[in-house]
Amino acid sequence: MAQNIPSTQNNVKMRHALLRGHPRGISTGAVDRLAAVCDAFRHAWKGYKEYAWGHDELKPISRSFGEWFGLGLTLIDSLDTMWILGLKEEFAEAKDWVEKELSFDKNVDVNLFETTIRILGGLLSTYHLTGDQLFLEKAKDLGSRLMPAFKTPSKIPFSDVNIGKGIAHPPRWTSDSTLAEVTSIQLEFRELSRLTQEPQYQEAVNEVMRLVHKLPGKQDGLVPMFINTNSGQFTHKGVFTLGARADSYYEYLLKQWIQGGKAEDDLLEDYLQAVEGVKKHLVRQTGPSRLTFVGELSHSRFNPKMDHLVCFLPGTLALGAHNGLPGDHMDLAVQLMETCHQMYQQMETGLSPEIVHFSMQASDGPNLIVKPADRHNLLRPETVESLFYMYRFTKDPKYRDWGWDILLSFNNYTKVPGGGYTSINNVRDPVNPGPRDKMESFFLGETLKYLYLLFSDDMELLSLDKYVFNTEAHALPIWPSPPK
């Protein structure tokens with residue numbers, strides 16, 4: 001059902017659309033859209049290549065780079081995107097760097113989760129797409145260097161590991177790990193075991209899922225955000241969110257079940273229970289125009305706050321429904337997709353803020369309230385990710401149109417003339433959005449990849465019956481179903 005947006009919003013939108021030369025609602029052909037994604041990628045890559053080659057992240061405004069782990073993060077995160085987009089020259093140059101320059105023999109602390117989803121996931125995905133052993137060899141080397149993280153009293157991994165020294169530790173300020181981080185490395189490690197025939201990777205991550213499966217402290221399948229690496233118990237109990245620190249736990253329950261040929265009943269049971277918990281405790285509607293959203297619970301108090309990260313959920317729910325889970329999961333996906341769309345639509349730049357609060361008052365005021373500290377946009381992928389799933393399963397062209405609007409807004413407000421795209425500080429100020437001088441690796445690894453897949457008419461391109469995407473949009477094969 002279409003939501004009513006105040007007419008002033010529409011006027012602002014129309015003005016921007018006319019300024020851009022793209023009258024809103026007039027659909028351009030799929031060919032143009034695919035070309036536009038390739039152009040955006042090339043523009044982003046141009047900045048990376050000129051000013052940040054071999055480094056982790058481009059700073060497009062200052063034409064310099066930022067280092068996080070010193071492992072060519074953006075380059076590796078982008079490999080499979082270039083392959084999918086058919087950018088052969090760019091891919092060949094990047095592969096050459098991986099072959100000659102990429103070394104994991106470095107005295108550097110890396111975050112287990114980020115390194116697994118971006119670098120290990122990127123290498124495995126690229127191996128599957130290209131069949132090139134180089135990427136598998138690099139993945140094996142990295143996987144073995146990450147294993148010390150699991151040497152903890154509880155078998156819940158530490159958040160950080162030194163890949164050169166083989167020593168792992170918790171962050172300086174706590175002995176807790178984030179729940180999403182320890183439960184969103186499974187797809188990658190399980191696949192590494194399958195490819196290498198070395199069971200230790202899969203055993204380590206399966207053990208984490210076994211422990212979490214039976215831990216006390218859940219509420220109707222919802223999990224707290226932190227887990228202690230010494231005791232193996234949840235900490236900060238009573239706080240439940242589908243945003244930062246918990247989000248991909250739910251995503252990986254479903255995706256591991258799909259990856260493993262739908263044979264692991266505990267994963268399915270935990271996922272189904274969690275969706276019921278979300279519906280029972282976290283789903284609400286706004287007062288003004290009945291937008292459905294997912295809030296947060298803190299010691300039984302409901303907070304109508306939703307991270308943009310939660311916009312992964314429509315896609316995940318739709319994927320579950322496509323795999324035979326209850327139809328009402330799809331109904332909720334459709335409603336939440338509308339809300340995520342409005343998080344873009346109702347902002348003056350057409351880009352979503354990092355966090356929104358929803359009005360539950362039955363008044364004519366705005367549905368979405370954005371606090372000053374939450375007005376930034378980091379070029380995140382979650383909404384376009386869900387649009388991709390929704391389009392694949394429904395073929396409703398509106399999902400493509402919504403994705404196209406988002407790409408146009410990225411081009412309008414985040415594109416940096418010399419090359420690259422930048423995060424911005426204020427999605428509510430089209431005159432001065434406040435560039436932050438950082439292009440996250442996931443803009444190339446996820447956001448542009450999902451836009452390309454959304455606009456592609458080739459449903460066999462990474463078919464969702466053959467591949468499952470990790471939480472960084474790296475495609476891994478679904479295993480054949482085990483014999484009954």
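Start at T471, which the unreviewed UniProt entry lists under "binding site". UniProt positions follow the numbering used here, and such annotations may be inferred rather than shown by experiment. The model is predicted: local features need pLDDT of at least 70, side-chain atom pairs count only at pLDDT 80 or more, and totals for chains, interfaces and linings use all residues. Residues are numbered from 1 along each chain as its sequence is written, and side-chain values use heavy atoms, leaving out hydrogens and water.

T471 sits in the loop between strand 17 (467–469) and strand 18 (475–477). Strands are DSSP E runs of at least two residues, helices H or I runs of at least four, both numbered from the N terminus.

**Show the surface at T471.** Its relative accessible area is 16%. T471 therefore counts as buried (under 20%; exposed is over 50%, partly exposed in between; 1.4 Å probe, protein chains only).

**Zoom to E251.** Its side chain makes a polar contact with the side chain of T471, at 2.8 Å. That term covers a pair of N or O atoms within 3.5 Å; within protein, one must be able to donate a hydrogen and the other to accept it, and residues adjacent in sequence count only if both atoms are side-chain atoms.

**Zoom out.** The protein chain has 16 helices and 18 strands. Its C-alpha atoms fill a box of roughly 60 × 50 × 45 Å along the principal axes. Buried residues make up 62% of the 484.
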